Amino acid sequence: MIRIGVCSIDVSHPKAFSEILSKENRARYVAVYNDGFRGDDEVAAFVERAGLEKRCESLEELAAMSDIVFVQDCNWDKHIPHALPVIKAGKPVFIDKPTVGNMRDIKKLRRLIADGATVVGSSSLRYAYDAQKFAAEDPATRGEILSVYCTCGVDEFNYAIHATEFIGGILGGAESCAYIGATDAHGIHAETYRVLYRCGATAVYTITHGVWQPCFMTVMTTKGTRVLDGTGAYKPMLDNICTFMETGDRKASGLADMEEVFEAIMIMLAGRLSRKEGGGYVRLCEIPDDNPGYDGYMFEKGYAAAAKKIYLM
């Protein structure tokens with residue numbers, strides 16, 4: 001049985017993941033350390049509902065009790081500080097989406113990984129059944145990818161990262177991203193971006209602000225067109241994490257290399273820069289290290305203000 005510790009229960013994922021894991025005998029949440037906005041009432045409710053052994057007083061204590069720690073703060077700027085004690089303890093860490101929000105933190109994680117840290121992540125959409133099935137098919141049969149169009153919603157980064165991660169599940173090697181334009185029809189703001197890949201393929205994604213949209217992807221290949229559904233992605237991602245923990249083999253488990261996860265973030269950082277500059281392609285390799293990226297603390301403030309007490313429901 002894989003023992004999972006969780007750092008912060010800001011988002012709905014710990015609740016949903018624990019319910020999925022309880023149906024099989026591979027892994028369980030066993031302890032929580034809370035450094036997020038959820039109150040003691042919600043933490044206590046989660047401890048009881050998920051059958052946790054303990055609420056820990058420190059990340060060091062959490063790491064000692066766990067085989068792997070899931071860092072699940074809504075504020076991505078807290079992810080590395082919360083992961084460091086786990087990494088120092090020699091334990092693997094899963095960092096929930098978005099892993100980080102700027103190039104400085106991507107480079108920090110690269111250094112930690114180069115020094116031996118085991119880091120996995122991030123969006124479950126990368127592991128959606130349709131994406132995994134498509135990626136596993138022989139290109140000679142399904143065709144080579146020509147273009148992709150993906151839709152997503154809710155916000156600019158926290159949820160929209162699902163779009164670039166979903167695309168990343170079947171297509172990698174992004175070179176640049178451009179802001180194409182926006183619309184404000186029917187009271188909804190939507191933005192569209194285009195990504196160029198080294199293989200010659202392109203991807204376009206449209207994200208809405210303030211309204212949820214399901215994540216779907218239309219893939220045009222040399223042999224035809226397919227529509228991939230992003231729903232039901234939690235279980236396949238958790239299965240892959242469990243397989244990795246059981247075997248130690250990232251590739252065989254189906255988990256993405258962290259550079260693939262970083263690419264999804266860098267696409268969005270490049271698109272944000274392009275929007276700021278009025279359009280035009282921005283190369284991923286040319287994103288400045290001092291670019292502020294996305295502000296996790298500002299997002300946390302708004303997210304917490306709007307959050308319902310989901311762990312009491």
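Guide: Threonine 208 sits in strand 10, which covers residues 202-209; strands here are DSSP runs of E with at least two residues, and helices are runs of H or I with at least four, both numbered from the N terminus. This is a predicted model, in which local features need pLDDT of at least 70 and side-chain atom pairs count only at pLDDT 80 or more, while totals for chains, interfaces and linings use all residues. Residues are numbered from 1 along each chain as its sequence is written, and side-chain values use heavy atoms, with hydrogens and water left out.

With a relative accessible area of 7%, threonine 208 is buried (under 20%, where exposed is over 50% and partly exposed lies in between, using a 1.4 Å probe and protein chains only). Not counting residues up to four places away in sequence, threonine 208 touches Cys152, Gly153, Val154, Asp155, Ile188, His189, Ala190 and Gln213, contact meaning heavy atoms within 4.5 Å. A polar atom of the threonine 208 side chain also lies 2.9 Å from the backbone oxygen of valine 211.

The largest cavity holds about 60 Å³, the volume being the space filled by probe spheres set on points joined across faces, edges and corners. Its lining consists of Ile20, Leu21, Glu24, Arg26, Lys235, Leu238, Asp239 and Cys242.

Key: On a 1 Å grid over the protein atoms alone, a cavity is a set of points where a 1.4 Å probe fits but cannot get out, and a pocket is an open set with protein on both sides within 12 Å along at least five of seven lines; lining residues have an atom within 4 Å of a point. A polar contact is a pair of N or O atoms within 3.5 Å; within protein, one must be able to donate a hydrogen and the other to accept it, and residues adjacent in sequence count only if both atoms are side-chain atoms.
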